[in-house]
Structure formats: C-alpha cells, structure tokens
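Please open the model in a viewer and keep the selection tool at hand. The stops below proceed from a surface feature to a helix cap and then to charged pairs.

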Amino acid sequence: MQYPQIQRIIGILLMLFSLAMLPSAAVGHYFAEPARNAFLTGFAITLGVGLLVWLPVRGQRNELRTRDGYLITVLFWAVLGLFGAVPLYLLELPDLSVADAVFESFSGLTTTGATVITGLDTLPRALLFYRQQLQWFGGMGIIVLAVAILPLLGVGGMQLYRAEMPGPLKDNKLTPRIAETAKVLWFIYTGLTLTCALAYWAAGMRLFDAIGHSFSTVAIGGFSTHDTSIGYYNSPVIELICVFFMVLSGINFALHFTAWRFRSMRSYWRDPECRAYLMILLGLVLVTALLLIAHQYYAPASAIRFALFQAVSIATTTGFTVTDFSAWPSVLPFLLLYASFAGACAGSTGGGMKIIRVLLVFKQGVREIKRLLHTNGVFPVKLGQRPVGDRVVEAVWGFCSVYVFAFAVLLLLLLGTGLDFVTAFSALAACMNNLGPGLGEVNAHYGELSALVKWLLSFAMLLGRLEVFTLLVLLTPMFWRR
C-alpha cells in the first residue's frame with residue numbers, strides 16, 4: 001500500500017473540496033445572511049486540515065496500485081462526507097447535532113436525498129444552495145473532477161475510475177485516456193444541468209430554485225429548496241420537465257456520449273439495458289395509474305399525472321415528490337419502493353442495483369430453468385446479440401448475494417434499535433438504494449430518528465453509493481495482507 005501517496009491525494013481532495021463551500025458563502029453574502037460565516041469557517045477548517053495532511057508527503061509521486069485505488073475511493077467519500085458536515089454543524093439555524101449534520105452531508109454527496117431538516121422555505125438560502133450543490137458534486141461532478149485533475153498532479157487515475165464507476169461493465173471506456181473520458185463526462189453532465197436549469201426557469205421557477213433543482217435533478221438526488229418538493233409549484237409543465245431530465249439522467253452517460261458524437265438517437269434503443277429501463281418505467285407508470293384509477297384515489301387525469309411523476313421519481317431513485325405516495329392504496333407504496341432496488345442504468349447518476357444487473361440475473365435464471373429441461377444444452381447469456389462471459393455473470397450473482405446479505409444484516413440492526421418493520425425496511429431501502437423518501441416514520445423526513453439509526457443509515461448510503469463491494473473489500477483480511 002502506498003500510504004504516503006494516499007495521504008497526499010486525500011490532502012489534495014480536501015483542499016479542492018474546501019472550495020465547494022465558497023459559492024454558498026457567496027450566496028449568503030449576496031442575501032446578507034449570517035449563515036455565510038459557517039461556510040467561511042468550514043472552508044478554512046477543511047482547507048487547513050487538507051494542507052496539514054498534504055504538506056508532509058507533498059513530494060510523493062509513486063504509481064497507485066489497484067488496492068490503493070479502492071482505499072482512496074472509500075476515503076474519498078467518507079472523508080468528504082464528514083468534512084461536508086462541518087458547515088452544517090456550525091450553522092445556528094437549523095441547529096443540527098453531529099449525527100444530523102453527518103447524515104445530511106452523506107445524503108447529499110451520495111445523492112440519496114433523505115433529509116433531517118424541516119422548514120426549508122424559511123431557512124437561509126446559503127444552506128439551501130449548499131445542499132443542492134453537494135448532490136451535484138456527488139452525482140458525478142466531483143469524481144469526474146478528481147479523475148480529470150489527478151493525472152495532471154502526477155497521480156494515475158485509472159484505479160480510481162474502476163473502483164468508483166458503477167456497473168459490471170466498468171472497464172469499458174468512452175475514450176482511450178481516462179482524463180479525456182472525465183472531460184467528456186463533465187461536459188455532458190454540465191450541459192444537461194444547464195439545459196435543465198433553463199427549462200425550469202422558463203417554466204416559471206425562480207432562478208435560484210431553477211439552478212438548485214437542476215443540480216438535484218441531473219444528479220438524481222432529490223433535495224429541494226421547499227418542504228413540499230416539486231409539489232410546491234403545482235405545475236404540470238415543471239413536472240414534465242423534471243420527468244424528462246430524470247429519465248435522461250438515469251441512462252448510461254456512455255450512450256449520451258455516443259448519441260452526441262454520432263448525432264444519432266439509435267444508440268439508446270439498440271442498448272438492451274436502456275430498452276429494459278424505459279420499458280420498466282413505462283410498465284410501472286401504467287400499473288400505478290391503473291391502480292389509482294381503479295381505487296378512485298384521484299380523478300383519471302390527476303391519477304395519470306401523479307403516477308407518471310412518482311413512478312419515474314422513485315424508480316430512478318431521484319426521490320422528488322408531488323404528493324404523499326406513502327398513503328396510496330393497495331400495494332403501490334411498496335411496489336414503487338421495490339422498483340428502486342433495480343434503480344437506473346449502470347454508468348448513470350442513479351442508485352439501486354442497476355438495470356443491467358437485474359437483466360443479467362433474470363437471464364441467468366431463465367438459463368438455469370432451460371438447463372433443468374435440457375441437461376446437455378448450451379445456453380449462453382446474451383445482452384442483445386452479444387454473449388456475456390460467465391465471469392461477469394458470476395460477479396453479478398455475487399454482487400446481488402452480498403447486497404441482499406448486507407441489507408438483511410443492517411435491517412436486523414435497525415429493528416434492534418426499536419424501529420417498526422415498515423419504517424426500518426423502507427428507510428434502509430431508501431438509503432441503501434440512494435432514493436431518499438421512505439414509508440412509515442420517514443415518509444417526510446428522518447429528523448425524528450435516533451442518532452444511532454442515523455449513523456447506521458449514513459453507512460447504508462455510503463455502502464449503496466460505492467456499490468457494496470468497494471466498501472466491503474476493505475473489511476476483508478486479504479485486502480490488508482502484503
């Protein structure tokens with residue numbers, strides 16, 4: 001393990017991350033809010049610690065190994081999540097405990113969208129902007145920035161890219177060089193955010209809200225500047241814009257690059273994962289709308305409107321709301337929650353297990369059934385027309401097994417704290433899938449939960465964001481052996 005090199009990188013990342021607090025301080029200064037002092041102090045603390053970490057090892061230039069990449073990736077999210085909580089803890093309004101501040105920070109950076117803060121409409125705009133900005137960085141910007149800049153600092157970035165990039169096909173690259181890949185992803189991500197913000201603004205949002213909501217929409221985060229989320233605007237046009245960009249952000253960004261490069265939309269429909277993703281969303285919207293109409297919960301037009309928005313928001317793990325879906329009739333609340341386990345596409349900003357894994361598990365299950373009927377038959381697992389290697393299928397099975405096992409263990413721990421089953425199950429699913437809103441006591445916010453539960457759920461967010469293996473591999477004795 002290259003510990004001096006790892007220390008140097010973490011110091012650099014902390015110093016870079018400290019700059020993220022300055023825009024919020026500027027917003028506070030513009031609106032003459034005392035909250036700006038908390039962000040200036042947070043900036044000074046984070047910059048100072050980063051400098052102290054970096055200075056003793058600033059001359060290190062050793063090449064990173066794969067193990068170093070995994071450790072840096074976990075430290076990247078854990079350390080930045082902790083330091084991201086500093087200004088939140090220092091704020092006088094709201095008065096957050098350490099557990100609350102860390103929970104909110106991890107929720108932002110992991111694009112979960114679960115919150116312990118209420119009364120958003122009356123809180124400082126510096127805080128509101130900071131929460132939205134955390135999600136934007138967490139979605140893709142901060143890792144792409146790190147991967148693009150680290151090579152320029154004499155650090156090999158490929159290990160970081162492989163360790164963080166979601167999906168079983170993570171070795172695929174858009175361009176030959178990792179720095180070029182990072183710049184392409186940064187360009188697409190920023191372009192989508194800018195377009196989304198302009199669309200929101202044109203639809204009637206205030207400019208501040210439009211920018212903030214574009215951050216959390218493209219990041220598939222779900223934080224809002226209002227307690228009632230997108231429902232605050234009661235605007236079908238804003239909801240349709242939000243749905244469009246949620247769907248778009250849930251698609252593999254490699255497909256956006258291909259479509260932009262070749263000026264063709266065919267790549268979306270040719271991709272089996274993207275097709276399955278769109279079909280699942282369509283099916284979920286139809287089932288939700290039909291059940292709402294059948295139970296006469298809304299008028300047909302309102303049922304279709306709310307079904308479209310909430311089904312897409314929950315299934316893509318964004319977490320925006322326009323109505324209280326937890327009170328919907330029949331199986332709908334749990335149906336939507338189950339959809340978040342599949343989540344969005346690999347290589348997107350979404351959470352969950354990823355559609356491509358669900359596809360491969362389903363195809364592997366079908367193959368096993370065929371083998372029972374034809375014991376000597378050869379049935380390759382294919383995505384589209386391409387066969388998938390057994391090693392990839394095994395990795396997907398392994399991931400799903402570990403995901404379910406980790407979920408079961410954390411669920412038992414949460415139940416052991418005294419939570420009821422619905423609250424514990426939905427809160428864990430919402431945090432581990434990086435979704436946000438849950439059922440029971442957490443359908444609106446997580447502020448009433450105990451500090452222990454918030455720490456457990458913060459760990460679940462990190463586990464989900466790092467797709468289980470990246471974090472759990474650090475807990476194995478084999479990882480630390482020389």
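Helices here are DSSP runs of H or I with at least four residues, numbered from the N terminus. The model is a predicted one.

**Stop 1**

Select Trp455, which is placed in helix α19 (residues 451-465). Trp455 counts as partly exposed because its relative accessibility is 39%, and partly exposed covers values between under 20% (buried) and over 50% (exposed).

**Stop 2**

Select Asn252 next, in the loop between α10 (236-249) and α11 (253-262). Is Asn252 buried or exposed? Its relative accessibility is 19%, so Asn252 counts as buried. Asn252 caps the N-terminal end of α11, with a side-chain oxygen 2.8 Å from the backbone nitrogen of Ala254. The side chain of Asn252 also reaches the backbone oxygen of Ala346, at 3.0 Å. Beyond neighbours within four places in sequence, the contacts of Asn252 are Glu273, Cys345, Ala346, Gly347 and Ser348.

Continue along α11, where the buried residues are Phe253, Leu255, His256, Phe257 and Ala259. Arg263 follows the helix and has a positive phi, near 50°.

**Stop 2: salt bridges**

The count of salt bridges comes to eight. Show the side chains of Glu239 and Arg305, which meet in one of them at 2.7 Å, N to O. Glu239 belongs to helix α10 and Arg305 to helix α14 (residues 300-315), so this pair ties together parts 66 residues apart in sequence. Glu239 is buried at 4% relative accessibility, whereas Arg305 is partly exposed at 24%.

Move to Glu467 and Lys354, whose side chains form a salt bridge at 2.9 Å, N to O. This pair links distant parts of the chain, 113 residues apart: Glu467 is in the loop between α19 and α20 (469-472), and Lys354 is in the loop between α15 (332-342) and α16 (355-373). Glu467 is buried at 9% relative accessibility, and Lys354 is buried at 2%.

Finish with Asp390 and Arg367, which meet in a salt bridge at 3.6 Å, N to O. Asp390 lies in helix α17 (residues 390-416) and Arg367 in helix α16, 23 residues apart. Asp390 is partly exposed at 45% relative accessibility, while Arg367 is buried at 8%. Lastly, select Lys354, Arg357 and Glu467 together: salt bridges that share partners join them into one network.

Notes. Residues are numbered from 1 along each chain as its sequence is written. This is a predicted model: local features need pLDDT of at least 70, side-chain atom pairs count only at pLDDT 80 or more; totals for chains, interfaces and linings use all residues. Side-chain values use heavy atoms; hydrogens and water are left out. Helices (H or I, at least four residues) and strands (E, at least two) are DSSP runs, numbered from the N terminus. Buried means under 20% relative accessible area, exposed over 50%, partly exposed in between (1.4 Å probe, protein chains only). A polar contact is a pair of N or O atoms within 3.5 Å; within protein, one must be able to donate a hydrogen and the other to accept it, and residues adjacent in sequence count only if both atoms are side-chain atoms. Contact means heavy atoms within 4.5 Å. A salt bridge is a side-chain nitrogen of Lys or Arg within 4 Å of a carboxyl oxygen of Asp or Glu.
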